[in-house]
Amino acid sequence: MFENLTDKLERSLKLLKGEGKITEINVAETLKDIRKSLLDADVNYKIAKSFTNTVKEKALGQNVLGSIKPGELMVKIVHDELSNLMGSNASELNLSNKLSIILISGLQGSGKTTFCSKLAKMLKDKKNKNPLLVADDIYRPAAIDQLKILGKQIDVTVYSELNNKSSIQIAQSAIKQAKQDKNDVVIIDTAGRLAVDQRMMEEIASIKKAINPDEILFVVDSMTGQDAVNTAKEFNNRLDFSGIVLTKLDGDTRGGAALSIRAVVNKPIKFVSRGEKMESIDIFHPKRMADRILG
Ligand code: GDP
């Protein structure tokens with residue numbers, strides 16, 4: 001679908017060979033290709049621009065007389081810079097407490113409920129944890145049912161209170177129950193709206209204040225491209241979240257949203273989700289994402 005960036009750069013950098021050094025003039029075309037490639041991958045325009053400027057600074061004056069081809073050298077610079085920007089290592093969850101509390105935020109449809117269950121399953125299977133899932137959406141009974149169905153599938157208890165209209169109380173009671181039942185992780189699924197809405201923001205900010213979570217994860221649909229950046233900004237301003245979950249990477253997006261969001265809110269991407277199955281969850285690896293964005 002997209003031309004491989006390495007091939008593209010090899011093409012535009014052929015002229016470089018024999019010139020010895022990368023200069024402002026002979027790199028201009030290449031930088032254009034890099035920017036185009038990032039825009040194709042749905043990276044935000046401003047971020048693509050500042051990214052190519054950084055690459056340019058790093059590339060200028062580089063000696064290309066050695067054995068490495070100029071195109072490969074540029075791809076390496078671009079690749080390293082992309083990985084750096086997205087965090088050079090996979091970022092772990094903070095699960096240091098006897099009972100770790102994880103609050104899940106995001107817009108409706110972003111994949112929150114699905115992610116909550118996947119995370120519970122992953123922590124149970126791979127970290128030997130005993131999680132409690134909490135359905136804390138007081139507006140949509142269907143969301144509670146959905147979490148209950150998923151909880152049953154993965155054999156994890158789901159806490160809910162159908163008649164309680166206080167999401168703060170539900171979260172607090174769930175934590176109390178988790179302590180009694182000797183759970184070591186509580187994962188709280190919250191209500192989402194179709195667009196950023198002040199009431200929803202106030203509600204989740206009050207839940208945060210009342211329960212002081214160890215992690216607040218912001219779930220975002222990678223297919224939403226540019227919108228994802230604005231949504232992430234709004235949620236981060238309000239919640240100061242601790243990590244990002246990028247969902248629906250099984251779609252045909254190149255995942256430029258990952259780069260844009262990371263650059264704008266400067267928070268680590270912790271997980272990616274690539275499908276509806278309970279097993280389709282991975283820890284985020286910046287290098288793999290850089291490969292995907294570069295095509
Ligand atoms: P919520 O409203 O934020 O809780 O979102 P849901 O968890 O209900 O997910 C919304 C829709 O997206 C559902 O149909 C999910 O099955 C689907 N979904 C969630 N995560 C993924 C994913 O990684 N890939 C795909 N293809 N679909 C997903």
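Good morning, colleagues. The model is a predicted one, in which local features need pLDDT of at least 70 and side-chain atom pairs count only at pLDDT 80 or more, while totals for chains, interfaces and linings use all residues. Residues are numbered from 1 along each chain as its sequence is written, and side-chain values use heavy atoms, with hydrogens and water left out.

I begin with the overall build. The protein has 11 helices and 8 strands; these are DSSP runs, numbered from the N terminus, with helices (H or I) of at least four residues and strands (E) of at least two. Its C-alpha atoms fill a box of roughly 75 × 40 × 30 Å along the principal axes. Of the 295 residues, 53% are buried, where buried means under 20% relative accessible area, exposed means over 50%, and partly exposed lies in between (1.4 Å probe, protein chains only). If we take contacts (heavy atoms within 4.5 Å) between residues at least 6 apart in sequence, 78% join residues at least 24 apart.

I turn now to empty space. Rolling a probe the size of a water molecule over the atoms shows where such space is left. On a 1 Å grid over the protein atoms alone, a cavity is a set of points where a 1.4 Å probe fits but cannot get out; a pocket is an open set with protein on both sides within 12 Å along at least five of seven lines; and lining residues have an atom within 4 Å of a point.

The largest pocket holds about 380 Å³ of space. Its lining has 25 residues, and G109, G111, K112, T114 and Q146 lie nearest its centre. Two or more lining residues come from each of α5 (112–127), α6 (141–154) and β4 (185–190), and α5 gives the most, with 5 residues.

What lines the largest cavity? The residues are D136, T190, A191, M200, E203, I204 and I207. Helix α8 (residues 198–211) supplies the largest share, 4 residues. The volume of this cavity is about 40 Å³.

Finally, I come to the backbone. Most residues other than glycine have a negative phi. N128, however, has a positive phi near 60°; this residue lies in the loop between α5 and β2 (131–136) and is exposed, with a relative accessible area of 71%. N212 likewise has a positive phi, near 45°. N212 lies in the loop between α8 and β5 (215–221) and is exposed at 61%.

Definitions and conventions
Points joined across faces, edges and corners; volume = space filled by probe spheres on them.
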